[in-house]
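This report walks through a multi-chain protein structure.

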Amino acid sequence: MGLREFDYGPLVSVERGTEVTTRERKRQWNELRPLFMRTRMVSHAAGSSYLEAENSKVICSVNGPLANTGGRTEAIERAKISCYISRTKFCGLEDDELEKRATTEYEGIVCRALESIVRVEQYPKSTIEVHVLVIEDDGSTLSAAITCACLALADAKIELRELMACCSVVNANGQLLLDPTLDEEKEASGSVLVSYLATSGKVSTVFQTGQLAYDEMAQAVELTISGAREIAVLVRNCLRQRESKDRGL
Amino acid sequence: MHISSTEVDYIALGASSDFRADGRHAFEFRDVIVESHLVPSVSGSSRAQVGGTDVLVYVKAELGPAQGKNGTEGVITFTAHYSSVTGLDNEVRTSNMLNAELEESLNRLFSEKQAANLERLCLLEGRVAWTLLVDVTVLKADGNVLDVASFAVRNALLSTLVPHVEVIRGEEGEADEIEVDDEPASRRLLLEGDPPVFISVCLLGSKWMLDASQDEEASMTSKLSVGVNSSGKVCGIVKAGEGALEWDGLGDTLKTAANMGVKIIEGLRKVQASRAETVGFFA
Amino acid sequence: MNEMVDVEVDDHCTVVVRAATRSRTEDVDRSSELGQMCVVAGDQIHVEPGFVRGRGTLTESGLLIATVGGVVDRVNKLVSVRPLVSRYTPEIGDVVIGRVVEVSQNRWKLDVDARQEAVLMLSAMNLPGGAQRRRTYEDELNMRSLIKEEDLISAEVQELKQDGGIALHTRSMKYGRLSEGQLVRVKSALIKRQKKRFQMLPCEIHAIFGNNGYIWLSEEEPRKELEEQGRNTETPKTSLDGRRRISRLRNSILILNEMSMTIHAQTIMDVYITSEQAGLREFEMLRQNVREQLIERVRNRGNF
């Protein structure tokens, strides 16, 4: 997982074995990594979920709707969604990478994405807390976090307008790559993230970084949506399985 | 933690009658359920559950600069966090405090020379040694988190696999080199030592008890966490709680704690040796 | 190995360490659910024209869409989605047990594990010295002497505000501050709405079944004499035998909760009696394999 260099002696670098990436194992530019999803990971939270795309692993838990405590003077007719993202120490990101992924900004993106599907008007004067823990980061974790959060909200039986799946694409060395790994993200000159609403087919979040030519952008968004559509099917199946399991069917 | 004064009284009286809320005696431990090798992509991992307390530990082993006075030691560092799913009071300050306490206690336990032989982690004197990053995640808290975390830490460390590393002696004038074998099959266990565990005793009213539940911890006045290794030696004591305690009679309690530590370590050892099938997240 | 061989080891200094095992699928009281239609959020529900939209759904362009995962309920023209597990939703007349989170001028705020906090006004609370008199300024100052932060109270849901707020009142002397007993928390959905919330179970322990999933067990009947409202009066302490029975009940309730089975006097006593007959200690009941066997045995008695 990268080089470590020391400042002394002729032995300058120790290189850990680089694992063959799936792209080298012939994953197509427009192919998703195999996905694993599960809900009800943690029984204590109102709802929880786990999502794994090979070496990217994310857990999400949802608490709420919770009563708003502490003297609020404004009348709040809708629920407030609060999102917290944390990472394990060894999740795979070096310090400079961590800085680039400003957590507060990401938390805001997740919040806004979720606001498009949660029926906040059903829960006045409440807060819905969404906690995301990135266990391992091998790319596309922001989109994984959003998909995972949707699963956890559904698991918490919070009313949703529809289900949402999120996916991202990068432009690395002139080639568009769907569901990028960490290395691919590092090499990328631009990226696009899109969250897709399963029933209406609409798009609720677009997050673009770096530089993309206009037609590249259009192509990238289309590619992302196609990926998100596939993920949306998996999200629905995961929830259906849980419903059946709960009822012993 | 939320508990009323009358509930505290009820618990304290139960303690003095040696009958706790779930029917346990003072020195009875809840069942300890462990498993290792949960996540293949990290060097080592383990999960321990006691009652409703659930702790996950991951170990990542990396090669880093040798530490210590003579550059002859490796490093073990701990990061802990209470994942927000525990259902505890969600104030950031409280959880930061809890994280810090857990980290400090574990760091202290493993900083003692006897507890972890850091010299065995050194590969090239003065230059290269193993650095172990241990991440402790508390999934659920139902009392006695420190003890449970220490069980998982012990298990994770003892099941940590690292690539085979060969030291190639340099020719005259040249320094030694290290060659890392990338073959996954050649990975071997890193530690064969004797990591200690914590056994905590809580004072409820005037009675000491082992393995406090969440309500009992909310009612206790003092808590002593004793580091114990497999020979029953005490490797460190940490005190928590606002109350003062009488030293008389404490000796017996500490001996019992040490004894319990030995039993639990023995149990953990047996479970690891039995190579039980990993259940993990997908159960 | 052990340097402490000369120590008197307490007989009860025991522990069991074992490897994780796959637990059996969470069993659910599913008798009434089989064959019904499950949906997840976002699914379209087939409806006849003239339908009436119920809970857990929304209409969009004339279509009915589910907003939660659950079972589709059709009662006459009312179509709704009922999720299996949901947060406690209060109804007027429910009995709840709550924990005080705030004491302010003339009210207590309680956490009843619902979407919002519940409020008990001083004027809605029964007071010492007679049930009906005007609340004085002194009463307001003395609120904490009656009930303070972290205390547990039993009360009844009097009113549900439009914004979801819950107003409580203590209608008679059997409600009020709880002391000298054990609280057990379970999933609120498992407590069926029944007439008698205050019951004495056959093992002579009193139980209050809060609809919000909080259950209070005590040896003494939770009833306050008029003079006893003050904090300084002596409540008789629970006997050791009482503690044993309470502990066994608590564990029985927790087992039912873990297995997602409905919780009421009959199911609790079934587990309780079976565990006694099996000669199990209170603590032993909670072991995973024992738990599963207990439920198996209870089922075989034909009560489920």
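Asn173(A) lies in the loop between strand 8 (164-172) and strand 9 (175-178) of chain A. Helices (H or I, at least four residues) and strands (E, at least two) are DSSP runs, numbered from the N terminus. Phi of Asn173(A) is near 55 degrees, a positive value in a residue other than glycine. At 67% relative accessibility, Asn173(A) is exposed. The cut-offs are these: buried means under 20% relative accessible area, exposed over 50%, and partly exposed in between (1.4 Å probe, protein chains only).

This is a predicted model, in which local features need pLDDT of at least 70, side-chain atom pairs count only at pLDDT 80 or more, and totals for chains, interfaces and linings use all residues. Residues are numbered from 1 along each chain as its sequence is written, chains are lettered from A and ligands numbered from 1 in the order in which they are written, and side-chain values use heavy atoms, with hydrogens and water left out.

**Chain A**

Glu54(A) also has a positive phi, about 50 degrees, although it is not a glycine. Its place is the loop between strand 4 (47-53) and strand 5 (56-67) of chain A. Glu54(A) counts as partly exposed, at 27% relative accessibility.

Chain A as a whole has five helices and eleven strands. Of its 249 residues, 57% count as buried. Contact means heavy atoms within 4.5 Å. Among contacts in chain A between residues at least 6 apart in sequence, 69% join residues at least 24 apart.

**Where chain B meets chain C**

How many residues does each chain bring to the contact? Chain B brings 48 and chain C brings 45. The size of an interface is often given as the accessible area lost when the parts come together. Here the area buried between chain B and chain C is about 4100 Å², and carbon and sulfur atoms give 56% of that. Buried area is the accessible area (1.4 Å probe) that two parts lose on being put together, summed over both. In chain B, Tyr10(B), Phe19(B) and Asp31(B) lose the most area to chain C, together 19% of what that side buries.

Between chain B and chain C, 13 residue pairs are in polar contact (both at pLDDT 80 or more). A polar contact is a pair of N or O atoms within 3.5 Å; within protein, one must be able to donate a hydrogen and the other to accept it, and residues adjacent in sequence count only if both atoms are side-chain atoms. Helix 1 (5-16), strand 1 (32-36) and helix 5 (250-273) of chain B each supply at least two residues of the side that touches chain C. Helix 5 gives the most to that side, with eleven residues. By class, the side of chain B that touches chain C has 20 nonpolar, 15 polar and 13 charged residues. Ala, Val, Leu, Ile, Met, Phe, Trp, Tyr, Cys and Pro count as nonpolar, Asp, Glu, Lys and Arg as charged, and the others, Gly among them, as polar.

Strands cross the boundary too. Strand 1 of chain B runs parallel to strand 1 (residues 17-19) of chain C, joined by three bridges. Two strands pair if DSSP finds at least two bridges between them. Val34(B) stands opposite Ala19(C) in strand 1 of chain C.

**Salt bridges**

Side chains of opposite charge can pair when their charged atoms come close. A salt bridge is a side-chain nitrogen of Lys or Arg within 4 Å of a carboxyl oxygen of Asp or Glu. The whole structure has 34 salt bridges over all chains. Between chain B and chain C there are three. The table includes pairs from that boundary and from chain B.

| Pair | Closest N and O atoms |
|---|---|
| Glu28(B) and Arg281(C) | 2.8 Å |
| Arg287(C) and Asp31(B) | 2.6 Å |
| Lys223(B) and Glu217(B) | 3.5 Å |
| Glu266(B) and Arg269(B) | 3.7 Å |

Arg287(C) forms a salt bridge with Asp31(B). The pair crosses between chains, from the loop between helix 4 (265-277) and helix 5 (288-303) of chain C to the loop between helix 1 and strand 1 of chain B. Arg287(C) is partly exposed, at 23% relative accessibility. Asp31(B) is buried, at 11%.

Within chain B, Lys223(B) and Glu217(B) are both buried. Glu266(B) and Arg269(B) are three residues apart in helix 5 of chain B, so about one helical turn separates them. Glu266(B) is partly exposed at 30% relative accessibility, and Arg269(B) is partly exposed at 40%. Salt bridges that share partners join Arg20(B), Asp22(B), Arg24(B), Arg30(B), Asp142(B), Asp211(B) and Glu216(B) into one network.
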